[in-house]
Amino acid sequence: MSRRLPEPDPDTVLITESADLAALCERLGGEDFVTVDTEFMRERTYWPELCVIQLAGTHDVAVVDALAPGLDLAPLGVLLANTAVTKVFHAARQDIEIFLLKYGAVPTPMFDTQVAAMVAGFGDQVSYDALARALAGAQIDKAHRFSDWSARPLSASQIAYAAADVTHLRRIYTALRDKLARDGRDSWVAEEMAALHEPATYRQDPETAWERLKPRTQNRRFLGVLQAITAWREIEAQRINIPRQRLVKDETLLEIAATVPADANALSRARGISEGFARGKSGVTLLAAIQAGANLPDAALPEAARERTGPAPSPALIALLKVLLAAKSEEHDVAPKLLANSEELDKLATGEGDVPALHGWRRTVFGEAALNLKAGRLALGVEGKRIKLIAAE
């Protein structure tokens, strides 16, 4: 049964029945684009628990109760895979991760308005609220931002809040799409969207999970143990479906890698590890992972992060590159961090490694000028209130 709701759009419906969802997805399959959002819970689980899906087309606005008993979500998978319909999200990564887990594929094609807004000059990681105000003339009610979306029944105000996430998104998308087309930046956005279409973007490889802890050591044996126990944590957290930090905190993993406990008594002395945990099933498998990491042959140990060799980048050159970055960002009306971040500026200054700023549209907008500045072929001046780029003779 579908129940009509008065807010925020007269066409909004709450969908709890499979037949209604199938009919909706069939209609939306004839649209040029559909706006999509989700509400989920993840505070107590490793895997996100999908609670609500919001969908909107030209006329349809629907809030789908993903927890409704017996609801078949298969038609939604068909819609998300329909290559004739662009799926529009805002800050899409978590939504896409959910759909990848559920359907085994990334929605395609897709458009992320947060990414597009950065290319269109709305700043770094601009919020949905800000875009709704700027492009749709709408004020977002934030009252249900931290709702328990797993509780039933959903209130009328929750449903209205959820629907607003896709109704205003229609106008945001069309405004951004038109602006990007006018500015000739469709190809820029396409480059940025490429990573979002890659399933690997959303999958954590247990064997590389240790890298997120960014250990400050050159001790490869330490890193071997850390790699093994961090991979264990990822797999064990998935198995029992709890957040990885709730299973074992990062700082505890670092302590264990340093002390290499050999039995349950020693393991229980690590911060955050109880005696019951150390002697239980998880503790037994953790001890096995510790031993496996400790026994790795030297050739199999992970490589430590390379320490910078040679002189540090000139602070003056870094400052000049930052001024150039700001000037190019202003000139092209694009978010500075989309062109280059601080680490990339350091690498540009020293000539160390490759950076995104030297490829694609970024090279055209900023990278080529940065190389010319370094080589003395470009100077910076001031004209009125703006930075002026001067070709050196």
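**What helix H1 packs against**

The buried residues of H1 pack against strands E2 (12–15), E3 (33–41), E4 (49–56) and E5 (61–65), and also against helix H2 (74–80). Here, buried means under 20% relative accessible area and exposed over 50%, with a 1.4 Å probe and protein chains only; contact means heavy atoms within 4.5 Å. Helices (H or I, at least four residues) and strands (E, at least two) are DSSP runs, numbered from the N terminus. The model is a predicted one, so to speak of local features takes pLDDT of at least 70 and side-chain atom pairs count only at pLDDT 80 or more, while totals for chains, interfaces and linings use all residues. Residues are numbered from 1 along each chain as its sequence is written, and side-chain values use heavy atoms, with hydrogens and water left out.

H1 itself runs over residues 18–28, and its buried residues are Leu 21, Leu 24, Cys 25 and Leu 28. These sit on the same side of H1, because they cover an arc of only 95° around the axis, taken from the directions from the helix axis to the C-beta atoms. An α-helix has 3.6 residues a turn, so residues three or four places apart point the same way.

Zooming out, the protein has 17 helices and nine strands, and its C-alpha trace spans about 75 × 65 × 35 Å along the principal axes. Of its 393 residues, 47% are buried. Among contacts with a separation of 6 or more, 61% come from residues 24 or more positions apart.
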